[in-house]
Amino acid sequence: MIAASKMTRCAAAFAALALVGTSACDVADAQGAGKVYYASNDFKVVPLGGADFEVVPRGGSSGPRYFCAAGDYARVRLNAPPAARVVVTKAEGRSAALGVSRSVGFTLVPQGGVSGGSAFTASVRKVGNNYSVAHARTMCPSGQPDFRS
């Protein structure tokens with residue numbers, strides 16, 4: 001659970017950032033793992049360096065929800081083009097960055113940098129599964145305000 005002071009900072013950041021074109025907040029993680037990005041579906045995204053990042057679920061998790069957060073982070077924070085690919089680099093398991101029980105590792109790869117796409121399901125249990133940033137973002141729940149491009 002986020003501490004009250006963090007929630008206040010996050011709410012203020014949300015209000016300010018919504019005016020300039022984004023709807024998620026960026027706060028320092030309590031465990032010092034760096035900046036934690038909250039995706040449009042409230043999953044945490046922890047940068048690991050370069051194009052690598054880890055997605056940590058909030059509440060229930062599923063492959064599409066992980067890919068939603070990965071696509072959202074890639075587009076908003078990494079400024080990835082829609083055709084770039086988010087690729088599973090660590091299957092669902094214990095978080096390396098935060099030490100929590102579940103997370104999935106991803107990397108961002110330029111268009112054409114990965115052969116083939118994912119299977120018909122958005123599984124995060126197999127390293128190498130991937131979707132374009134644009135397709136991953138279609139897995140985000142509809143009805144949530146999204147002020148980003």
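Modeller: In this predicted model, Asp-42 is partly exposed, its relative accessible area being 38%. Most residues other than glycine have a negative phi. A second residue that is not glycine, Asn-79, also has a positive phi, near 55°; Asn-79 belongs to the loop between helix 2 and strand 5, and it is exposed, with a relative accessible area of 60%.

The side chain of Asp-42 takes part in a salt bridge with Arg-58, in which the closest N and O atoms are 3.2 Å apart. Arg-58 lies in the loop between strand 4 and helix 2 (63–76), whereas Asp-42 lies in the loop between strand 2 (35–38) and strand 3 (44–49), so the pair ties together parts that are 16 residues apart in sequence. Arg-58 has a relative accessibility of 55% and therefore counts as exposed, because the exposed class begins over 50%. Asp-42, at 38%, falls in the partly exposed class. In general terms, side chains of opposite charge can pair when their charged atoms come close.

Searching the whole structure gives two salt bridges, and the other one joins Arg-125 to Glu-92, with the closest N and O atoms 3.9 Å apart. This pair, too, links distant parts of the chain, for Arg-125 is in the loop between strand 6 and strand 7 (130–132) while Glu-92 is in strand 5, 33 residues apart. The accessibilities of the two partners can be set side by side: Arg-125 is exposed, at a relative accessible area of 69%, and Glu-92 is partly exposed, at 26%.

Glu-92 leads us from the loops into the strands, given its place in strand 5. Strand 5 (residues 85–93) runs antiparallel to strand 6, and six bridges join the two; within this pairing, Arg-85 stands opposite Val-109 of strand 6. Strand 6 also pairs with strand 4 (residues 52–56), again in the antiparallel sense, over four bridges, and here Phe-106 of strand 6 is the bridge partner of Phe-53.

As for how strand 6 itself is covered, seven of the seven residues in the stretch 103–109 are buried. In a regular strand the side chains alternate between the two faces of the sheet. In strand 6, Ser-103, Gly-105, Thr-107 and Val-109 point one way, Val-104, Phe-106 and Leu-108 point the other way, and the residues of both sets are buried.

With a relative accessibility of 14%, Ser-132 counts as buried, because buried means under 20%.

Key: Residues numbered from 1 in each chain as written. Predicted model: local features only at pLDDT ≥ 70, side-chain atom pairs only at ≥ 80, totals over all residues. Heavy atoms only, no water. Buried < 20%, exposed > 50% of the residue type's maximum accessible area, 1.4 Å probe, protein only. Pairing = 2+ DSSP bridges. Salt bridge = Lys/Arg side-chain N within 4 Å of Asp/Glu carboxyl O.
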